[in-house]
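Have the sequence and the 3D view ready.

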Amino acid sequence: MTERENDSESAGDSSGAGAAVALSALTLAACGGGGGSSAPPTQNPPPVVPPPVTITDAEAARFLLQAQFAVTDADLAAVKANGYAAWLNTNYSAALGQTGVAWLDSRGHNSITIEQRYFWPQFGDFMIWNQLLAGPDQMRKRFAFALSEFFVVSLSPIDGFYPPYVIGAYWDVLCANAYGNFRTLLEQLTLNAGMGFFLNTKGNLKEDANGRQPDENYAREVMQLFTIGLYELNADGTLRLDANNNPIETYGQSDITNLAHVFTGYDWDYLANGGTFTNVAWHDYDVPNTRFATNKMWFNPANHSNLAVTFLGTTIPANTPGPEALRIALDRLFNHANTGPFFARQMIQRLVTSNPSPAYVGRVAAVFANNGSGARGDLKAVWTAILTDAEARTLPSASDTLSGKLREPVVRFVQWARTVGINSTTGDYQIYDLSGSDTSLGQSALRSPSVFNFFRPGYVPPNTAIAVANKQAPEFQLLNETTTAGYINFMQAMTRNGYLDVKPTYAQLLLIAHDVPAVVAWLNLRLTANQLSADTVALLQATLTAFNVTATSTDNAKLDMLASACFLILCSTEYLVQK
């Protein structure tokens with residue numbers, strides 16, 4: 001990768017109708033909002049959002065669809081009764097659910113048998129779909145998924161022993177630290193086995209007399225993608241400009257080359273915390289257990305460079321012990337003026353809107369810098385600032401057609417599944433890699449094609465009103481004719497028949513399936529926060545009424561109608577663009 005590089009199986013047939021109409025609706029989707037500026041930030045105090053006398057169902061649902069994947073009745077009631085901040089604080093205190101690694105263990109994926117399943121990567125897909133679809137702590141999982149698109153590691157290139165455990169341990173670091181501190185998360189990911197494999201710190205060796213030099217991959221990406229970005233920023237995320245009105249680069253090749261020396265001497269730790277090897281008859285080598293995936297990488301001083309390091313104006317003296325050199329380097333990145341606004345803007349993009357105003361970014365970045373108690377990098381404070389900001393809580397006007405963000409395919413799929421209810425008949429959650437663009441979802445969690453994520457934060461879809469308005473729409477990088485058709489076909493099958501052992505239940509909706517207006521109202525609130533237009537509601541009701549479902553109809557007849565209702569909403573522009 002260069003410094004300036006730009007950022008399965010079908011589920012069966014469905015009885016749902018209207019794919020052609022839905023396809024034309026989907027391809028018209030557009031999003032945007034806000035705006036950018038290169039002017040220095042103004043130091044205005046953050047606006048105070050007075051608690052409303054009441055929070056409506058639609059306001060509560062809209063908040064929940066930004067803060068987590070789906071709306072539940074309990075969460076809806078809690079937000080309305082207690083307010084946004086109180087709901088967040090309650091969820092911050094909720095216990096961590098079953099980890100990805102623990103789930104893999106529970107399914108026996110750590111077994112050492114002649115089948116050699118320890119080489120099979122697909123259990124990593126089963127693990128993440130279980131985590132996203134069934135985990136109890138869905139707010140934590142939503143934030144972790146956003147973090148996985150910033151600190152990217154992908155299952156796709158991971159090979160060797162236990163790829164599911166390597167990616168599972170990485171996911172568990174994100175979940176465990178989602179409510180913690182950015183600095184702690186940065187270090188834990190730097191020493192994570194999955195990150196070590198993905199960005200080459202695993203086995204990274206010091207320079208030698210034959211001309212070998214340390215691998216520069218992680219040194220480059222930890223600056224470009226994980227902390228400070230390519231160009232210097234004002235506190236509100238806008239570009240700082242030089243005397244010639246050009247952006248100012250944050251680092252150069254010398255910074256990369258120097259910093260790379262810090263990340264030498266690390267490798268997977270197969271022996272700590274109960275790590276063992278098993279002699280087997282079917283290999284001429286021993287098979288490790290899974291501990292290396294969950295252990296932090298170990299440091300071998302003999303493989304570490306002892307040269308002096310100078311980067312970003314900081315010097316690490318020669319012969320500084322490796323762990324101390326790592327601390328100094330990560331502290332420099334964490335405390336860089338860019339890190340707060342760089343991270344804040346992308347997390348706002350993931351949760352709220354593609355084009356936050358500079359003032360919005362500045363308010364969140366200020367909280368990153370100081371949570372109000374003098375702490376920098378407090379992620380709970382950052383999430384709260386993002387989700388309770390006036391810009392997040394104000395519904396865009398109907399005339400503001402470029403506001404909001406396009407829901408990415410994984411979020412749509414998980415939201416639908418959690419809303420209607422799903423069940424794994426075997427407990428295995430046998431959902432494979434859904435990246436296929438023509439017959440599948442077109443995106444699969446933890447399967448990014450590169451370290452630059454599924455889409456770039458600054459992506460502008462060409463020849464669109466978004467481009468004319470000088471807006472950005474990152475998720476549109478996944479949208480084209482092929483992925484549109486693939487998504488429609490996949491969801492048409494999924495909403496009725498599920499995927500292998502994962503089946504929709506529609507448990508709550510079956511009770512009201514005979515009442516079409518009630519079904520449409522229930523789905524409208526939980527999927528779109530009541531943002532379907534009157535025309536769309538009327539069209540839905542007319543289409544569903546034609547199914548002639550009554551209270552005495554069979555469950556199959558009711559499920560046909562309910563699946564069609566979901567399918568049509570999931571293909572509508574009013575759903576696809578999250579406002």
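**Helices in contact and under cover**

The axes of helix α3 (residues 73–82) and helix α4 (residues 84–92) come within 7 Å and cross at roughly 130 degrees. Asp75, Ala78, Val79 and Asn82 of α3 meet Tyr84, Ala86 and Trp87 of α4, where contact means heavy atoms within 4.5 Å. By class, five of these residues are nonpolar, one is polar and one is charged.

A word on the basis: this is a predicted model, in which local features need pLDDT of at least 70 and side-chain atom pairs count only at pLDDT 80 or more. Residues are numbered from 1 along each chain, and side-chain values use heavy atoms, without hydrogens and water.

Next, find helix α6 (residues 122–134) and helix α8 (residues 163–177), whose axes come within 8 Å and cross at roughly 30 degrees. Phe123, Gly124, Met127, Ile128, Gln131 and Leu132 of α6 make the contact with Pro164, Ile167, Gly168 and Trp171 of α8. Seven of these residues are nonpolar, three are polar and none is charged.

Finally, turn to helix α23 (residues 516–528). Its 13 residues should span 18 Å at 1.5 Å a residue, and its end C-alpha atoms are 17 Å apart, which agrees. Ten of the 13 residues in α23 are buried, meaning under 20% relative accessible area with a 1.4 Å probe, protein chains only. Among them are Val516, Trp522 and Arg526. After α23 comes Ala529, with a positive phi near 60 degrees.

Technical notes. Axes are lines fitted to C-alpha atoms, for helices over the stretch in contact, and angles run from 0 to 180 degrees between N-to-C directions. Helices (H or I, at least four residues) and strands (E, at least two) are DSSP runs, numbered from the N terminus. Ala, Val, Leu, Ile, Met, Phe, Trp, Tyr, Cys and Pro count as nonpolar, Asp, Glu, Lys and Arg as charged, and the others, Gly among them, as polar. The expected span of a helix is 1.5 Å times one less than its number of residues. Buried means under 20% relative accessible area, exposed over 50%, partly exposed in between (1.4 Å probe, protein chains only).
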